[in-house]
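Q: I am new to this structure and would like a close look at a single part of it. Please describe how that part is put together and what lies against it.

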Amino acid sequence: MHAIPPEIIRLKRDGHTLATAQIDAFVDGLVTGGWSDAQAAALAMAVVLRGMDPAETVALTQAMTRSGDVLRWDDLGDHPPIVDKHSTGGVGDKVSLMLAPIVAACGGWVPMVSGRGLGHTGGTLDKLESLPGYRTQLARDELIATLRSAGCAIVGASGSVAPADRRLYAIRDVTATVESTALITASILSKKLAAGLQALVMDVKTGDGAFASTPEHARELALSLVRVAEGAGLPTRAVITDMNQVLGHTAGNALEVQEALDYLRGTRRDVRLHTLTRTLCAELLVLGGLTGDTADAEARVDRALHSGEALERFERMVHAQGGPADVGTRGRLPRAPVQRVVPALHAGWVQSMAVRELGVLVVTLGGGRRTAGDTIDPRVGLSEVCQLGDRREAGEPLAMVHADNEAAADEAVAQVQRLITLGEAPLPQRPVVFEVLHRGSVPE
């Protein structure tokens with residue numbers, strides 16, 4: 001069997017299926033340096049052009065998982081189910097901030113390994129770092145102590161988790177080889193498998209503000225994620241959801257944390273955000289064996305919110321990770337010095353919004369990174385963002401801009417007015433959840 005880099009590249013270039021041993025050799029070479037950047041890029045391009053079948057993708061996922069540390073929980077004795085949720089990214093997506101403490105309040109352990117902002121999408125870690133003192137890097141004993149106290153922890157991946165994926169992603173990022181369903185699947189799932197999960201729910205977004213801009217692409221990715229995760233021994237469900245409008249009414253780090261706190265307190269809950277959060281929580285509770293059916297799971301989610309236990313779990317998590325102990329009652333979140341209403345230029349119904357460009361606008365304001373070394377301003381962004389189908393009269397607010405200075409605010413106001421379109425006819429309500437895919441719905 002050919003195991004040297006040029007032969008493996010040639011096989012995939014010519015459309016052949018790679019053996020597990022060949023995939024293992026590739027992943028080992030990523031870690032040891034046995035494969036050069038040029039060779040890794042060549043194989044990545046061959047995969048983009050020729051694809052990988054499910055068995056190949058399972059083998060790649062498992063090899064990348066084994067390339068670094070894998071969390072083990074069996075030394076803890078009896079413990080709650082280890083479960084997690086992952087989103088493919090969007091604008092205003094702060095669901096993780098609510099889901100983790102809700103599921104914890106319902107009896108699960110959620111060791112959520114999250115990421116930072118990428119392109120026009122916000123990162124969960126960046127949002128939580130709006131809270132003074134919050135630490136995203138925890139040693140294993142600290143992670144376990146946080147789970148025992150709060151039932152959830154939201155942390156960043158250590159350098160020892162799936163190092164093969166880290167190197168391969170950096171190569172793909174600069175060689176136009178990011179857009180491969182197989183490589184995306186392996187990248188996401190290798191890190192989730194490294195967390196030692198027992199159940200995973202994937203939020204696969206589709207629309208203007210999503211990586212998968214079409215429903216067909218989103219479904220292809222969702223099917224791949226479920227098929228490969230199940231093949232690797234991780235029970236997984238994928239929920240295809242809408243990203244043709246900002247999720248909730250905020251986009252920006254501290255602003256999204258504030259919206260999450262308002263949600264957990266019960267002082268304000270956007271309907272679409274609540275529907276999605278409740279759906280994902282319920283699917284995870286059922287899949288993790290914490291309840292027998294969806295109706296009971298939804299009732300338990302409602303109780304966790306109504307009783308205040310979900311908010312209490314969030315407070316415990318934040319405090320255990322170095323943040324303020326009373327974040328639920330005294331947020332201590334930074335505020336931008338300039339806040340400006342975006343008035344509608346004329347009357348009408350909100351017909352569309354350029355969600356991706358609104359995400360880029362938040363980055364331009366300082367709420368995201370243009371280069372890896374950029375410092376994020378947690379204060380800036382958008383709040384009170386209107387939703388599709390809303391009615392606005394001339395002069396009524398489309399959103400509120402939060403900016404560092406007057407010039408940035410002026411530019412952002414003009415941009416929002418350009419990116420949100422008003423029309424004469426009301427728009428039918430668009431569902432936020434399109435489809436739930438599970439093992440039984442995935443063709444072999």
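Predicted model: local features only at pLDDT ≥ 70, side-chain atom pairs only at ≥ 80, totals over all residues.

A: Pro54, Thr57, Val58, Thr61 and Gln62 of helix α4 meet Arg227, Val228 and Gly231 of helix α10. Helix α4 covers residues 54–66 and helix α10 covers residues 215–231; their axes come within 9 Å and cross at roughly 65 degrees. The crossing of α4 past α10 is right-handed.

Three strands form an open sheet in the order β6-β10-β8, and their pairing is antiparallel. Strand β6 (338–343) and strand β8 (381–383) stand at the edges with a single partner strand each, so one side of each has no neighbour in the sheet. From one strand to the next, the twist averages 30 degrees.

The pairing of β8 with strand β10 (residues 397–403) is antiparallel and runs over three bridges. Within this pairing, Leu382 has Val401 in β10 as its bridge partner.

Helices also lie against these strands. Helix α15 (residues 355–367) lies across β8 and β10, and runs at about 125 degrees to β8. Helix α16 (residues 406–419) packs on the sheet as well, where it touches β6, β8 and β10. The direction of α16 makes about 25 degrees with that of β6.

Note on methods
Residues numbered from 1 in each chain as written. Heavy atoms only, no water. Axes fitted to C-alpha atoms, helices over the stretch in contact; angles between N-to-C directions. Helix = DSSP H or I, 4+ residues; strand = E, 2+ residues; numbered from the N terminus. Left-handed = near helix turned anticlockwise from the far one by under 90°. Contact = heavy atoms within 4.5 Å. Pairing = 2+ DSSP bridges.
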